[in-house]
Amino acid sequence: MDSSLSPTPFDHQSTEPKKTFMTTLIPLRPSHFKEDFYFVSELKPSEAKSLQDLKQKLSSSSFASSSSMWGVPLLGGDDRADVILLKFLRARDFKVGDSLRMLEKCLEWREEFKTEKLTEEDLGFKDLEGRVAYMRGYDKEGHPVCYNAYGVFKEREMYERVFGDEEKLNKFLRWRVQLLSSTATVTYTEGFCVAIFINVPWYFSVIYSMFSPFLTHRTKSKFVMSKEGNAAETLYKFIRPEDIPVQYGGLSRPTDSQKGPPKPASEFSIKGGEKVNIQIEGIEGGATISWDIVVGGWDLEYTAEFVPNAEESYAIVVEKPRRMKASDEAVCNSFTTGEAWELIISVDNSLSRKKKVAAYHYTVRKSTTAV
């Protein structure tokens, strides 16, 4: 990517922003979640035996000649096959018989659904890409993230267009699988690291309780439910703010990809009844500072001002105090100074009792004007 598109940051190692609070970092993962590994050498003897037994049973089944998934032959010694087979074994607690039945049903469905030919089809849903389902960035562990924004189907016209009859529904399902296949995402319960449901309606818990008994404990541990309006607090546990889209309480905008890799963000939390000031010092005269800041579920007051280093100068209010609504996205602003200043960004949560997560990042471009 052309590095000229990226802003040239001011070297502010000696002018790290001062904060009038102790930054609180959120744990990377909930305590109940344990990352899977797929190295055969690290399996327990009983698990390694289950893997070999599954291969033997698969080779004797009616699917032996067609046992291929995502372009990987499941029999024949391909190391990638072990990763796939282990997913099915883990989904059924290494019970070989149950894992084989699950695998056979998946192979049967893939054959009936003609998944291998999906990439060649034009299903007429190009306009849904980037709206309903799309890939964006990575989580804190380096896994690709797929967003599924099914809230758009609340619109009657959109719902009828996609789910109006069985033919439309089948086309949408094929498109959905096509998207996942094209991004090398495994479309099975054990194919993802964690599934996060955000802004879900109250009745979702009722639906979940109906199919929950059919899932293993370890599979259920991968489902994370977030109450409506609590998206940012949930997502920050798994994904860095600079990689989360602004509509979900992050700092990532669609146009950011044109500017190079995302700028690392600083995370912090704001307690109820607390006001936080972020001070960014060492801004030279003529330099331009750009900043982004977001608070999950805002509902607090935000302001930004420049304070001069010279005693005879006056502070400049760049953004007047304003009450930010819960639905507001990240603030993005910039300012060019005439002399040496410091920027003070304030978020006032004094009128609330609820702790909120927040994040910000900034860049400073020195003036190119010769002195």
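Helix α2 is 13 residues long and spans 19 Å from its first C-alpha to its last, close to the 18 Å expected at 1.5 Å a residue. Keep in mind that this is a predicted model.

Much of α2 is tucked away: 10 of its 13 residues are buried. Among them are Ala81, Ile84 and Leu86, along with Asp82, Lys87 and Arg90.

So what does α2 pack against? Two packed helices are described by the angle between their axes and the distance between the axes. Here, α2 (residues 79-91) packs with α3 (residues 96-113) at an angle of about 120°, and their axes lie 8 Å apart. That angle makes α2 oblique to α3. The crossing of α2 past α3 is right-handed.

Looking at the contact itself, α2 brings Leu85, Phe88, Leu89 and Ala91, while α3 brings Val96, Ser99, Met102, Leu103 and Cys106. Sorted by type, the residues of this contact are eight nonpolar, one polar and no charged.

Now for the loops. Most residues other than glycine have a negative phi, and most peptide bonds are trans. Phenylalanine 94 has a positive phi without being a glycine, and so does aspartate 299. Here they are side by side:

| Residue | Phi | Loop | Relative accessible area |
|---|---|---|---|
| Aspartate 299 | about 45° | between β10 (288-295) and β11 (300-308) | 41% |

Aspartate 299, for its part, is partly exposed.

Methods: Residues are numbered from 1 along each chain as its sequence is written. This is a predicted model: local features need pLDDT of at least 70, side-chain atom pairs count only at pLDDT 80 or more; totals for chains, interfaces and linings use all residues. Side-chain values use heavy atoms; hydrogens and water are left out. Axes are lines fitted to C-alpha atoms, for helices over the stretch in contact, and angles run from 0 to 180 degrees between N-to-C directions. Helices (H or I, at least four residues) and strands (E, at least two) are DSSP runs, numbered from the N terminus. Angles under 35 degrees count as roughly parallel, over 145 as roughly antiparallel, 65 to 115 as roughly perpendicular and the rest as oblique. A crossing is left-handed if the near helix is turned anticlockwise from the far one by less than a right angle, and right-handed if clockwise. Contact means heavy atoms within 4.5 Å. Ala, Val, Leu, Ile, Met, Phe, Trp, Tyr, Cys and Pro count as nonpolar, Asp, Glu, Lys and Arg as charged, and the others, Gly among them, as polar. The expected span of a helix is 1.5 Å times one less than its number of residues. Buried means under 20% relative accessible area, exposed over 50%, partly exposed in between (1.4 Å probe, protein chains only).
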